[in-house]
Amino acid sequence: MKKLLLAAACACSVSACGKPPAPEPQTAPPLVSGIETQYFDDKVTPREDFYRYVNGKWLDNTDIPADENTWDANEELQVRVQQQLKALIEDLRTKPDAGDPDQRKIAGLYASFMDEAALERSGLKPLKSELARIDAINSRSDIAAEMGHLALIGVHTPLVPDLAVDTGNATAYAAYLYPGGFGLPDRDYYIEADARLAHIRQAYAGYVQALLTLSGDKAAVPDAAAVLKLETSLARVLWTQAQYRDPVKTYNKVPVAKLGNLAPDFDWSGYLSAAGLAGKTDAVVVIQPDYVQAFNQALRRTPLPVWRAYFRTRLLGNYAPYLDRRFADADFAFNGTVLTGTPTRQPRWQRGVELVNQSIGEGLGRQYVTRYFPPASKARIEGLVHSIAAAYA
């Protein structure tokens with residue numbers, strides 16, 4: 001009897017009223033401010049120190065991770081993205097799409113970097129042919145050809161070529177020539193008497209000596225001193241950072257045929273040919289002409305053995321993070337700890353992800369968008385952009 005009454009009550013609720021009761025309308029969640037007020041420091045008056053007022057509690061309670069030299073919201077986001085990229089790359093290693101060349105390149109590069117045992121076995125073998133080229137330098141003409149060749153493989157020497165939009169004609173590209181090839185960040189590190197910079201210079205000499213020693217240089221101590229002396233002589237004529245920001249001062253378009261007026265002892269034809277620029281441009285934008293003139297003087301007075309030691313240093317320094325542990329440790333000890341104050345190296349997977357991102361960035365970006373940026377997210381961002389544009393219209 002109770003079951004019949006229950007059934008009748010249910011039937012009444014559906015049929016006697018004609019239709020089921022309408023669901024209650026759902027209200028949208030309240031809008032929440034994007035400003036994280038939990039970090040505000042009420043002990044500080046905003047008019048006295050607004051930055052501290054807004055970020056005080058975060059600054060007091062946040063430590064910089066041991067493998068970072070700075071830390072803020074952007075760095076935290078970067079680490080989260082790297083973790084996503086790691087998951088993506090690990091998946092590509094186990095099940096790559098055979099028809100997608102980017103996936104094969106990404107998986108292969110990451111796997112080779114993570115194979116530490118293979119790197120330890122290889123030692124300097126990957127650079128054997130490059131070191132042989134440097135050892136074979138016997139003339140100024142060889143120096144020019146080697147500088148052009150090293151530019152092609154991403155190693156900076158005193159003259160650094162680049163291709164970019166012509167700042168004097170935005171509808172075209174231009175070849176540029178920058179000062180470069182320094183192991184320290186800028187001119188002040190070489191010439192200022194500041195105690196901290198003097199310590200860094202001393203550490204840099206030790207780092208160069210370590211690289212040369214590991215490469216088999218029996219005269220690593222005097223060679224390291226000669227390399228530092230050469231770099232210092234070129235650093236003395238570098239402009240200040242403020243001067244380099246002057247778009248007029250740094251725009252010096254020189255016809256290729258007249259580059260010899262700046263450095264007559266330099267084999268420009270051999271350099272441009274080795275760098276892949278011969279016949280592809282009739283002019284070069286020389287960022288700092290008097291630096292090129294100073295380089296020509298260094299070319300005249302510097303013995304060939306010093307140039308060979310210098311090129312070995314630049315080559316080894318460029319590739320040290322990707323060689324065996326001896327080179328990688330020496331690189332981090334100087335470029336990581338001494339220069340930036342970072343006490344601990346990032347995990348190897350994180351360095352591997354960064355290597356892939358630097359080397360195959362567009363391909364990795366496409367894979368990332370496919371996995372982590374669905375059409376709904378794109379539509380949401382576009383809507384946000386349109387609403388902001390409308391607000392300012």
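**Entry 1: the sheet**

I began with a bridge: valine 160 has tyrosine 178 in β2 as its bridge partner. The model is predicted, so I kept the limits in view: local features need pLDDT of at least 70, side-chain atom pairs count only at pLDDT 80 or more, and totals for chains, interfaces and linings use all residues. Residues are numbered from 1 along each chain as its sequence is written, and side-chain values use heavy atoms, with hydrogens and water left out.

I took strands and helices as DSSP runs numbered from the N terminus (E, at least two residues, for strands; H or I, at least four, for helices). Strands pair if DSSP finds at least two bridges between them.

I then followed β1 and β2. They run antiparallel and are joined by eight bridges. Valine 165 sits opposite tyrosine 173 in β2. The two strands form a hairpin, with two residues between them.

Next I looked up β2 against β4. This pairing is parallel, over three bridges. Alanine 175 has valine 284 in β4 as its bridge partner.

β3 pairs with β4 (residues 283-286) in the antiparallel sense, also over three bridges. Here proline 255 is opposite alanine 283 in β4.

What order do the four strands take in the open sheet? I read it as β1-β2-β4-β3, with mixed pairing. β1 (159-166) and β3 (253-255) are at the edges with a single partner strand each, so one side of each has no neighbour in the sheet. Neighbouring strands are turned by 35 degrees against each other on average, direction ignored.

I also checked what packs on the sheet. Helix α13 (residues 289-301) does, touching β1, β2 (169-179) and β4. Its direction makes about 160 degrees with that of β1. For such angles, axes are lines fitted to C-alpha atoms, for helices over the stretch in contact, and values run from 0 to 180 degrees between N-to-C directions.

**Entry 2: helix pairs**

Two packed helices are described by the angle between their axes and the distance between the axes. I sorted angles this way: under 35 degrees is roughly parallel, over 145 roughly antiparallel, 65 to 115 roughly perpendicular, and the rest oblique. Contact means heavy atoms within 4.5 Å. For residue classes, Ala, Val, Leu, Ile, Met, Phe, Trp, Tyr, Cys and Pro are nonpolar, Asp, Glu, Lys and Arg are charged, and the others, Gly among them, are polar.

Glu130, Arg133 and Ile134 of α6 meet Ala145, Glu146 and His149 of α7. I noted two nonpolar, one polar and three charged residues in this contact.

Then I turned to α9 (residues 195-214) and α14 (residues 304-319). They pack at about 90 degrees, with axes 9 Å apart. So α9 is roughly perpendicular to α14. The α9 side includes Tyr204, Tyr207 and Leu211, and the α14 side includes Ala309, Arg312 and Leu316. Seven residues of the contact are nonpolar, two polar and two charged.

Last pair: α3 (residues 73-94) and α17 (residues 361-372). Their axes come within 11 Å and cross at roughly 100 degrees. These two helices are therefore roughly perpendicular to each other. Among the contact residues are Val81, Leu85 and Leu88 of α3, and Leu364 and Tyr368 of α17. I noted nine nonpolar, two polar and two charged residues.

**Entry 3: salt bridges**

How many salt bridges does a search of the whole structure find? I got 16. The criterion is a side-chain nitrogen of Lys or Arg within 4 Å of a carboxyl oxygen of Asp or Glu.

I looked up one in detail: arginine 52 with aspartate 41, at 3.9 Å, N to O. Arginine 52 is in helix α2 (residues 50-61), and aspartate 41 is in the loop between α1 (2-16) and α2. The two are 11 residues apart.
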